Amino acid sequence: MTRPSTLSSVAERIRSGTKASVAIPEFVDEFLAAGSRELRLAMIAVDPPPTGSARIDALLGAVAEYLAKQHRLACVPSWVGNMERILDEPWFTTGVDTPGMREYLAVSSPAEFRHHNIFTEEAPLRRAASRGM
């Protein structure tokens with residue numbers, strides 16, 4: 001199976017059973033390998049279809065917003081601000097659920113993820129970036 005080249009294709013793969021923990025990093029690898037800002041913007045421009053998971057739908061919005069800002073794209077796609085892209089309850093993306101860990105994530109999470117009510121590590125997409133994609 002080919003790697004997803006748009007966030008919409010990420011959502012489709014997740015809907016068909018691929019784990020988000022596989023599809024999203026594969027997409028980020030492709031995004032980082034893209035040759036221009038225009039191509040990168042096109043990769044995140046279209047509002048992905050719902051995946052069936054509110055957390056994953058919000059995560060796709062956070063990923064798009066984060067990538068757009070980190071790579072100084074012409075704009076952040078407007079769809080990232082849609083209400084279905086923002087969780088009602090905070091999501092702390094850690095296996096260690098302690099008050100101290102929640103406090104650390106609340107402080108260290110990038111603003112683009114906090115905006116979607118997702119609290120994660122300070123470099124949430126580093127897996128792909130660290131492999132030189």
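Q: Which handedness does the crossing of α1 and α2 have?
A: In this predicted model, the axes of α1 and α2 come within 9 Å and cross at roughly 160°. That angle is over 145°, the cut-off for the antiparallel class, and therefore α1 is roughly antiparallel to α2. The handedness of the crossing of α1 and α2 is right-handed.

Q: Is Thr-18 buried or exposed?
A: Thr-18 is found in the loop between α1 (7-15) and α2 (20-33). Leaving aside residues up to four places away in sequence, Thr-18 touches Arg-13 and Ala-23. Its relative accessible area is 17%, and since the cut-off for burial is under 20%, Thr-18 counts as buried.

Q: How are α1 and α4 oriented to each other, roughly parallel or roughly antiparallel?
A: The helices α1 and α4 pack with their axes 11 Å apart and at an angle of about 160°. Their contact is made by Leu-7, Val-10, Ala-11 and Ile-14 of α1 together with Ile-56, Leu-60, Val-63 and Ala-64 of α4. The crossing in which α1 passes α4 is right-handed, and the orientation of α1 and α4 is roughly antiparallel.

Q: Which residues of α3 make the contact with α2?
A: The axes of α2 and α3 cross at roughly 155° and come within 9 Å, which makes α2 roughly antiparallel to α3. On the side of α2, the contact is made by Phe-27, Glu-30, Phe-31 and Leu-32. On the side of α3, the residues are Arg-40, Met-43 and Ile-44.

Q: Which element gives the most residues to the largest nonpolar core?
A: The largest nonpolar core has 33 residues, and those with the most contacts inside it are Leu-7, Phe-27 and Ile-44. Two or more residues are given to this core by each of α1, α2, α3 (37-45) and α4. With 10 residues, the element that gives the most is α4.

Q: Which residues does Phe-27 touch, not counting residues up to four places away in sequence?
A: Phe-27 is among the residues with the most contacts inside the largest nonpolar core, and this residue also takes part in the contact between α2 and α3. With residues up to four places away in sequence not counted, Phe-27 touches Pro-4, Ser-5, Thr-6, Leu-7, Val-10, Met-43, Ile-44 and Leu-67.

Q: How many of the 17 residues of α4 are buried?
A: Helix α4 (residues 54-70) should span 24 Å at 1.5 Å a residue, and its end C-alpha atoms are 24 Å apart, so the two values agree. The helix α4 is largely enclosed by the rest of the structure, because the number of its 17 residues that are buried is 13.

Q: What is the relative accessible area of Arg-72?
A: Arg-72 is found in the loop between α4 and β1 (91-92), and just after α4 this residue takes a positive phi of about 50°. From C-alpha to C-alpha, Arg-72 and Ser-108 are 21 Å apart in space, while in sequence they are 36 residues apart. Arg-72 is exposed, and its relative accessible area is 64%.

Key: Residues numbered from 1 in each chain as written. Predicted model: local features only at pLDDT ≥ 70, side-chain atom pairs only at ≥ 80, totals over all residues. Heavy atoms only, no water. Helix = DSSP H or I, 4+ residues; strand = E, 2+ residues; numbered from the N terminus. Buried < 20%, exposed > 50% of the residue type's maximum accessible area, 1.4 Å probe, protein only. Contact = heavy atoms within 4.5 Å. Expected span 1.5 Å × (residues − 1). Core = buried A, V, L, I, M, F, W, Y, C linked by side-chain atoms within 4.5 Å. Axes fitted to C-alpha atoms, helices over the stretch in contact; angles between N-to-C directions. Parallel < 35°, antiparallel > 145°, perpendicular 65-115°, else oblique. Left-handed = near helix turned anticlockwise from the far one by under 90°.
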